[in-house]
Amino acid sequence: RLLRWLKARASRSLHSRGQRRSRHSPGAMGRVIRGSRKGKSLIFSAKTRLRKGAVKLRAVDYAERHGFMKGLVKNIIHDPGRGAPMAEVVFHDPYRFKLCKERWIAVEGLHTGQFVYCGSK
């Protein structure tokens with residue numbers, strides 16, 4: 001037990017003199033490259049707090065397979081971390097009395113108040 005204590009004390013005194021412990025060989029010098037540093041801490045992580053949500057098309061249902069659904073563009077919004085603007089499109093639910101809000105990528109020329117159609121016809 002005394003021998004273990006003496007070894008631990010000796011290694012602590014080495015580190016307190018400014019010599020650092022390294023996982024690599026004692027002669028390794030240089031910097032850790034930026035790509036390696038990015039996986040290490042939280043400051044390089046993506047800022048996802050202000051994102052608006054996932055962009056998806058409507059789920060293909062009976063109304064879309066055998067006809068079409070008319071939607072109304074309510075809003076065009078900016079999504080941080082995305083290059084293209086997003087459009088909020090509102091559809092009538094084909095099975096219940098409610099509105100379904102979808103988020104699409106806003107194509108060029110799309111404006112609020114415009115009707116868009118989804119379906120086979």
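Visitor: Where does the charged end of Arg58 sit?

Guide: A charge sits over a ring if NZ of Lys or CZ of Arg is within 6 Å of the ring centre and within 35 degrees of the ring normal. In this predicted model, the charged end of Arg58 sits over the ring of Phe91, 5.1 Å from its centre. Lys70 likewise lies over a ring face, that of Phe115, at 4.1 Å from the ring centre.

Visitor: On what basis are such values given?

Guide: The model is predicted, so local features need pLDDT of at least 70 and side-chain atom pairs pLDDT 80 or more, while totals for chains, interfaces and linings use all residues. Residues are numbered from 1 along each chain as its sequence is written, and side-chain values use heavy atoms, without hydrogens and water.

Visitor: How many aromatic pairs are there?

Guide: A pair of aromatic rings is described by the distance of the centres and the angle of the planes. Rings of Phe, Tyr and Trp (its six-membered ring) pair if their centres lie within 6.5 Å; planes under 30 degrees apart count as stacked, over 60 as edge-to-face and the rest as tilted. By this rule there are two aromatic pairs. Phe68 and Tyr117 are edge-to-face, with 5.6 Å centre to centre and 75° between the planes. Because Phe68 belongs to strand 1 and Tyr117 to strand 4, this pair ties together parts 49 residues apart in sequence. Phe91 and Trp104 form a tilted pair, at 5.9 Å centre to centre and 50° between the planes. Phe91 lies in strand 2 (residues 86-92) and Trp104 in strand 3, so parts 13 residues apart in sequence are tied together.

Visitor: Are Phe91 and Trp104 buried or exposed?

Guide: Buried means under 20% relative accessible area, exposed over 50%, and partly exposed in between (1.4 Å probe, protein chains only). Both Phe91 and Trp104 are buried, whereas Phe68, at 46% relative accessibility, counts as partly exposed.

Visitor: In what order do the strands form the sheet?

Guide: Strands (E, at least two residues) are DSSP runs, numbered from the N terminus, and two strands pair if DSSP finds at least two bridges between them. Four strands form an open antiparallel sheet in the order 3-2-1-4. Strand 3 (99-105) and strand 4 (115-119) are at the edges with a single partner strand each, so one side of each has no neighbour in the sheet. Strand 1 (residues 68-77) and strand 4 pair over five bridges; Met69 stands opposite Cys118, and Leu72 has Phe115 as its bridge partner.
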